[in-house]
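Colleague: I would like to go through this model with you. Shall we begin with how the terms are set?

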Amino acid sequence: MVDTAPRGTGANGVEGGVGLTALLVAAARAIETHRPDSLAQDVYAEHFVRSAPASAHWPVHLDQAPDGDASPLWGRFARYFGLRTRVLDDFLLRSVRSGGARQVVLLGAGLDARAFRLDWPPDCVIFEIDRDGVLAFKHEVLGALSAAPRATRVPVAADLRTDWAGALRAAGFDPAVPTAWLAEGLLFYLPGAAETDLIGTVDRLSAAGSALAYEVKLEKDLMEYRASPLYTSTREQLGIDLLSLFSREQRPDSAARLASSGWSASVHTPFEFTHRHGRGPLPDNRNDALAGNRWVFASRPGPERQRPRRPGPWC
Ligand code: SAM
């Protein structure tokens, strides 16, 4: 029998472990794209979902989800990812348009298609770091679509729990150039020490005028949310046990660490952005797995203002 599944669908790719979570976010983005009140458009997302055997049968449109918007997974959780996509699209575009960043680094890029779908300045370079299997799958799917990036795009295969800075620099990253960094849906999969190292590396490689956005979970004991509708539906419907993938070690206070290095950092709940955009997930006081999620925006002052200051205009 001929195997027609794209490269990168093995256990080191998108078919298992943490790689599968990249497909979950892609499915959510596909659903968001088809909503009449969509917050973000990603025409590539459904192609990723349909191309991997593990997700080929998942919904890519709300009509295909049995309970539609009432589904905790394809309704509220997918809307969370849609809102997150939009807020972080805005962060990156603002960083390169008015913030002066000329490099973008997507840490744990997964199936993020921003290089292909956003309107970047012509001299912008986008580095995408993820595990090689995930990048191979992405390459195959986008190649089959003849998708063309709208900026210089440089995939970098690396494990973010190890010393990834060398691979990034070897790929052409220039620490003298202001950079917009993004760790979207990544840090809670890393051990605490790896998060500390990653933030330290970002700090070390960031010229004045750089910016960073990342997502954290503040819950002290994630297992308290094991029976939550979001985790239960993800486990039962997709076979993805998010709590078994998350690191349950004590988390470092990365925002405080950045502040002590002269960055300005501000911490927000997703619900603040639901309010701002008029759509997105609302707070739910019944065992809500999103209750501890925070989106952090940090900036390193430009040359004109090196002293710590209030956060940049993206939040
Ligand atoms: N940022 C993307 C998005 O929001 O669509 C992907 C998010 S997905 C939930 C998590 C991604 O982090 C996966 O693509 C996974 O392969 C990547 N990842 C997790 N641990 C990693 C590690 N140690 N090194 C490199 N990538 C990692």
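Modeller: A salt bridge is a side-chain nitrogen of Lys or Arg within 4 Å of a carboxyl oxygen of Asp or Glu. This is a predicted model, in which local features need pLDDT of at least 70 and side-chain atom pairs count only at pLDDT 80 or more, while totals for chains, interfaces and linings use all residues. Residues are numbered from 1 along each chain as its sequence is written, and side-chain values use heavy atoms, with hydrogens and water left out.

Colleague: How many salt bridges does a search of the whole structure find?

Modeller: The search finds 23 salt bridges. One of them joins Arg29 to Asp42, with the closest N and O atoms 3.4 Å apart. This pair links distant parts of the chain, 13 residues apart: Arg29 is in helix α1, and Asp42 is in the loop between α1 and α2 (45-51). Helices are DSSP runs (H or I, at least four residues), numbered from the N terminus.

Colleague: Now the ligand. Which residues come nearest?

Modeller: Arg29, Gly108, Asp130, Asp159 and Leu160 do, out of 21 residues around the ligand. A residue counts as near if one of its heavy atoms lies within 4 Å.

Colleague: Which helix gives the most to that shell?

Modeller: Helix α1 (residues 19-34) does, with 4 residues.

Colleague: What is 2.6 Å from the side chain of Arg29?

Modeller: An oxygen atom of the ligand is 2.6 Å from an N or O atom of that Arg29 side chain. A polar contact is a pair of N or O atoms within 3.5 Å. A polar side-chain atom of Arg84 also lies 3.1 Å from a ligand oxygen atom.

Notes:
Polar contact = N/O pair within 3.5 Å; in protein donor to acceptor, adjacent residues only side chain to side chain. Helix = DSSP H or I, 4+ residues; strand = E, 2+ residues; numbered from the N terminus.
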